[in-house]
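Here's a quick briefing to read with the model open beside you. Have a look at the fold first, then work through the points below.

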Amino acid sequence: MAYREHMKSSADVQTDACNVRLVDPERVASVHARMPVEDDIVDTADVFSLLGDARRLKLLVALLDGELCVCDLAAITGLSESATSHALRLLRAHRVVAVRRDGRNAFYRLDDAHVRMLLDLAVAHTEHTDAIHPERSRP
């Protein structure tokens, strides 16, 4: 089948654009008033970026069961101890995980209940949703 036969005409394509440009000033002002400051938006985006890496996310999901040392986390995730330590350093710098030292051993845990809640919600969302991933190629 020719390429043109697969293409939709402009009449077949739906857009999300507004047909009528109408701004609701009260609603815009209300949303604007509760909008976090720019630095907080950037920091939040950074957290989501950290969670967007499958290897780091695997570490965090492992920590949902409680505190673990680097060796155990490496064994669970299949990462090298070096890669695990590097990922944990990054997560710790952003206060996603916390560390407890016991002699030469370091034990990591989720930093607080907010991180746990974020992970629980994300995992629950994924478990009950069939996501469509247009960016992934299909066999």
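This is a predicted model: local features need pLDDT of at least 70, side-chain atom pairs count only at pLDDT 80 or more; totals for chains, interfaces and linings use all residues.

**The chain overall**

- Starting at the N terminus, the elements of the protein chain come in the order α-α-α-α-β-α-α-β-β-α.
- The protein chain has 139 residues, and buried ones make up 20% of them.
- Take the contacts in the protein chain between residues at least 6 apart in sequence: 44% of these join residues at least 24 apart.

**The nonpolar core**

- The largest nonpolar core has 21 residues, and Leu60, Leu73 and Tyr108 are the ones with the most contacts inside it.
- At least two residues of this core come from each of helix 3 (38-51), helix 4, helix 5, helix 6, strand 2 (97-102), strand 3 and helix 7 (113-127).
- As background, nonpolar side chains tend to be buried together in soluble globular proteins.

**Helix 5 and what it packs on**

- Helix 5 spans residues 70-77, and its buried residues are Val70, Leu73, Ala74 and Thr77. Looking down the axis of helix 5, these buried residues fall within an arc of 100°, so they line one face of the helix.
- Which elements do the buried residues of helix 5 pack against? They are helix 4 (54-62), strand 1 (68-69), helix 6 (81-93) and strand 3 (105-110).
- Just past the end of helix 5, Gly78 has a positive phi of about 85°.

**Thr77, in helix 5**

- Thr77 sits in helix 5 and has a relative accessible area of 9%, so it counts as buried.
- A polar atom of the Thr77 side chain lies 2.8 Å from the backbone oxygen of Leu73. The Thr77 side chain also reaches the backbone nitrogen of Leu79, at 3.4 Å.
- Setting aside neighbours within four places in sequence, Thr77 is in contact with Lys58, Leu59 and Thr84.

**How helix 6 meets its partners**

- Helix 5 and helix 6 pack with their axes 9 Å apart, at an angle of about 110°, which makes helix 5 roughly perpendicular to helix 6. Helix 5 brings Val70, Cys71, Leu73, Ala74 and Thr77 to that contact, while helix 6 brings Glu81, Thr84, Ser85 and Leu88.
- For helix 4 and helix 6, the axes cross at roughly 80° and come within 10 Å. These two helices are therefore roughly perpendicular to each other as well. On the helix 4 side the contact is made by Arg56, Leu59 and Leu60, and on the helix 6 side by Thr84, Ala87, Leu88, Leu90 and Leu91.
- Ala83 is also found in helix 6, and counts as partly exposed because its relative accessibility is 32%. Its C-alpha atom is 9.9 Å from that of Val70, 13 residues away along the chain.

- Arg56, Leu59, Leu60 and Ala62 are buried in helix 4. Around the axis they cover an arc of only 160°, which puts them on the same side of helix 4.
- Asp53 belongs to the loop between helix 3 and helix 4. Is Asp53 buried or exposed? Its relative accessible area is 16%, so Asp53 is buried.
- The side chain of Asp53 reaches the backbone nitrogen of Arg56 at 2.9 Å.

- Arg95 lies in the loop between helix 6 and strand 2.
- Phi of Arg95 is near 60°, which is a positive value in a residue other than glycine.
- Arg95 counts as exposed, because its relative accessibility is 61%.

Terms used. Residues are numbered from 1 along each chain as its sequence is written. Side-chain values use heavy atoms; hydrogens and water are left out. Buried means under 20% relative accessible area, exposed over 50%, partly exposed in between (1.4 Å probe, protein chains only). Helices (H or I, at least four residues) and strands (E, at least two) are DSSP runs, numbered from the N terminus. The arc is that of the directions from the helix axis to the C-beta atoms. Contact means heavy atoms within 4.5 Å. A nonpolar core is a set of buried Ala, Val, Leu, Ile, Met, Phe, Trp, Tyr and Cys residues joined through side-chain atoms within 4.5 Å. A polar contact is a pair of N or O atoms within 3.5 Å; within protein, one must be able to donate a hydrogen and the other to accept it, and residues adjacent in sequence count only if both atoms are side-chain atoms. Axes are lines fitted to C-alpha atoms, for helices over the stretch in contact, and angles run from 0 to 180 degrees between N-to-C directions. Angles under 35 degrees count as roughly parallel, over 145 as roughly antiparallel, 65 to 115 as roughly perpendicular and the rest as oblique.
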